[in-house]
Every structure is written in structure tokens, then in C-alpha cells.
Amino acid sequence: MNKTLDISDLYKKPASYKFNAEEIAFIKKHLRKSSFKAKYAIYKPESHKGIYIGFFIDCIPNSVRRSGIENSWDFLYERDITNIEYQELIENFGCDNRRFIVYQYRHIEQLVLDDLKYNVKTPDGFIKRCKELGYTGDFQLSLQLHPTE
């Protein structure tokens with residue numbers, strides 16, 4: 001007996017559930033890649049945790065209603081999500097119930113390294129702004145060789 005797929009049934013699956021190929025294709029029909037935006041932000045108030053850098057995946061980027069989280073963060077850059085990020089959103093369908101998926105960082109270099117895992121170049125202006133504000137650590141992201149004479 002072949003049951004018709006229902007998006008609400010798939011949303012209710014436990015986090016440990018792995019979707020099969022048919023279910024993934026069905027979810028992709030309902031969740032378009034263009035329905036998400038990746039955003040880079042800096043925390044506005046003084047942080048007692050020392051976390052000032054945020055990477056967000058906005059699940060409702062075209063919402064006319066401003067979200068409360070946008071009051072505490074300065075959103076500086078935005079981009080489309082990558083295919084890898086989209087695939088992760090599909091595989092984790094139903095595991096979130098919020099508008100934003102948030103990743104927080106103390107140092108800009110940590111975010112740059114995470115972006116490289118997704119074949120994304122962190123916006124240069126964002127890196128520059130974070131470094132101006134002192135949100136940098138003692139990380140070496142590239143090997144710089146100087147010739148000796």
C-alpha cells in the first residue's frame with residue numbers, strides 16, 4: 001500500500017530519521033533554494049559571552065515583518081545559499097522551528113574557515129569590518145613566504 005506523501009508528516013519526523021530519495025525529492029518541491037538567504041552580521045550590544053559575529057540562514061528572507069533578532073544584530077552582507085547548505089536544510093527538514101538558523105563566532109577567522117568548507121568566500125568588507133572592531137584572533141589563514149636575500 002503506497003501512502004501519499006504529506007509535507008506535514010515529513011516535518012514531524014524525529015531528528016534521527018533519514019529521508020529516502022523520494023522524500024527528499026518531495027521536500028525539494030516544497031522548499032526552493034531561492035527561499036533562503038545567508039546573512040553575515042555583527043552583534044550590536046556589548047556581549048557578555050564575547051560573541052560578536054553571526055552567520056545566519058534566513059528561512060523567510062522576504063518577510064515583510066521584521067524579526068526581533070534583527071534589533072540586536074547589524075546585518076551587513078547577504079548572499080544566496082550554496083548547494084551544500086541547501087542539501088543540509090533538506091536533510092534536516094523539520095528539525096528547526098525558527099526563522100533563523102544562527103551560527104555565532106568570537107573571531108572572524110573561525111567564520112572564514114567554516115565558509116571555506118562550503119566553498120564560499122567570506123565577503124572582504126565583512127572581514128575588514130570585523131578586524132576593525134577587534135573581532136580577530138591569533139589565527140594564520142594562509143602561509144606567507146618572504147624571500148630571504
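At 0% relative accessibility, Cys 130 is buried in this structure, which is a predicted model. Cys 95, by contrast, is partly exposed, its relative accessible area being 45%. As for covalent links between cysteines, zero disulfides are found in the structure.

Helix α2 spans residues 21-30 and includes Phe 26. With a relative accessible area of 18%, Phe 26 is buried, since that value falls under the 20% cut-off. Leaving aside residues up to four places away in sequence, the contacts of Phe 26 are with Leu 5, Asp 6, Ile 7 and Leu 10.

The model contains 12 aromatic pairs. One of them joins Tyr 11 and Phe 93, whose ring centres are 5.3 Å apart; the planes meet at 75°, so this pair is edge-to-face. Tyr 11 belongs to helix α1 (residues 7-11), while Phe 93 sits in the loop between α3 (83-91) and β4 (100-105), so the pair ties together parts that are 82 residues apart in sequence.

A second pair, Tyr 52 and Tyr 135, has another geometry. Here the ring centres are 4.7 Å apart and the planes lie at 5°, so the pair is stacked. This pair, too, links distant parts of the chain, as Tyr 52 is in the loop between β1 (37-43) and β2 (53-58) and Tyr 135 is in the segment after α5 (124-132), 83 residues apart. Both partners are buried: Tyr 52 has a relative accessibility of 12%, and Tyr 135 has a relative accessible area of 14%.

Beyond these two pairs, one aromatic cluster is made up of Tyr 40, Phe 55, Tyr 77, Tyr 103 and Phe 126.

Lysine side chains also meet aromatic faces in the model. Lys 13 is placed over the face of Tyr 17, 4.7 Å from the ring centre. Likewise, Lys 39 lies over the face of Phe 75, at 5.6 Å from the centre of that ring.

Conventions:
Residues are numbered from 1 along each chain as its sequence is written. This is a predicted model: local features need pLDDT of at least 70, side-chain atom pairs count only at pLDDT 80 or more; totals for chains, interfaces and linings use all residues. Side-chain values use heavy atoms; hydrogens and water are left out. A disulfide is a pair of cysteine sulfur atoms within 2.5 Å. Buried means under 20% relative accessible area, exposed over 50%, partly exposed in between (1.4 Å probe, protein chains only). Helices (H or I, at least four residues) and strands (E, at least two) are DSSP runs, numbered from the N terminus. Contact means heavy atoms within 4.5 Å. Rings of Phe, Tyr and Trp (its six-membered ring) pair if their centres lie within 6.5 Å; planes under 30 degrees apart count as stacked, over 60 as edge-to-face and the rest as tilted. A charge sits over a ring if NZ of Lys or CZ of Arg is within 6 Å of the ring centre and within 35 degrees of the ring normal.
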